[in-house]
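Hi everyone, thanks for coming.

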Amino acid sequence: MEAHYPFALPPLPCGYDALLPEIGERTLHFHHDKHFQTYIDNLNKLLETHPEVQDWPLERLVQEWPRLPEDIRQGVRNNAGGVYNHDLYFKTLAPGPASSPMGPLADAAARDFGDLEGLKAAMKNAALGQFGSGWAWLVSDSEGRLSVVKTPNQDVPLPLGPLLLCDVWEHAYYLDYQNRRPDYFEGWWRKVDWPGVSRSYDALLENRPRRAE
Ligand code: MN3
């Protein structure tokens with residue numbers, strides 16, 4: 001993802017048929033090429049008229065939108081969030097057989113959720129419990145402690161460190177699962193790229209602020 005304006009659509013990290021049968025080609029074409037593109041286009045349009053914030057990185061836009069000029073504030077909140085969330089959503093899915101957390105993430109999942117099933121239950125509870133559109137997240141605090149949170153619309157959990165997110169907007173699953181959000185969750189869970197998510201957690205631990213000796 002570009003550091004700042006103008007943002008451009010990153011390619012889908014896998015083939016459009018790579019996540020079958022859990023996530024279909026039509027869903028990926030609409031979700032990535034149409035919905036994600038629209039968030040990019042809308043965000044660029046909003047920032048076009050405000051050169052003074054065109055050097056703000058995406059992570060700043062999604063956190064500091066309350067400081068933006070009033071005429072673009074809510075629009076940037078919605079659309080920068082949409083860009084940030086979808087970028088991570090597509091990057092954390094992978095073809096191939098189901099995988100599991102590795103290394104430090106596996107240890108942290110056992111510590112904070114009992115086991116992988118405990119983590120899955122917490123994510124599923126958040127995904128199904130989010131009323132209307134939004135996201136279920138696995139996040140880490142700056143000490144590496146894991147938790148599951150949900151956000152409405154396109155809001156983000158930052159400054160907590162996002163590791164994994166399940167899109168529970170209907171556009172993410174309606175073509176494949178209609179109104180069956182629980183079935184979509186199960187399919188999505190089988191496509192999570194745990195090796196990649198585990199590497200993100202490693203990087204987060206590497207970069208955590210060191211306590212003064
Ligand atoms: Mn979506």
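Contact here is heavy atoms within 4.5 Å, and buried is under 20% relative accessible area, exposed over 50%, partly exposed in between, with a 1.4 Å probe and protein chains only. Helices (H or I, at least four residues) and strands (E, at least two) are DSSP runs, numbered from the N terminus.

Quick caveats: this is a predicted model, where local features need pLDDT of at least 70, side-chain atom pairs count only at pLDDT 80 or more, and totals for chains, interfaces and linings use all residues. Residues are numbered from 1 along each chain as its sequence is written, and side-chain values use heavy atoms, leaving out hydrogens and water.

Which α8 residues are buried? They're W194, G196, V197, S198, Y201 and L205.

On to the rings. Phe, Tyr and Trp (its six-membered ring) pair if their centres lie within 6.5 Å; planes under 30 degrees apart are stacked, over 60 edge-to-face, the rest tilted. That rule gives 10 aromatic pairs. Take Y89 and W135: edge-to-face, 5.9 Å centre to centre, with 75° between the planes. Y89 sits in helix α3 (residues 70-91) and W135 in strand β1, so this pair ties together parts 46 residues apart in sequence. Y89 counts as buried at 1% relative accessibility, and W135 is buried at 0%. W135 also pairs with W137, tilted, at 6.3 Å and 40°. Ring pairs link F36, Y89, F90, W135 and W137 into a cluster.
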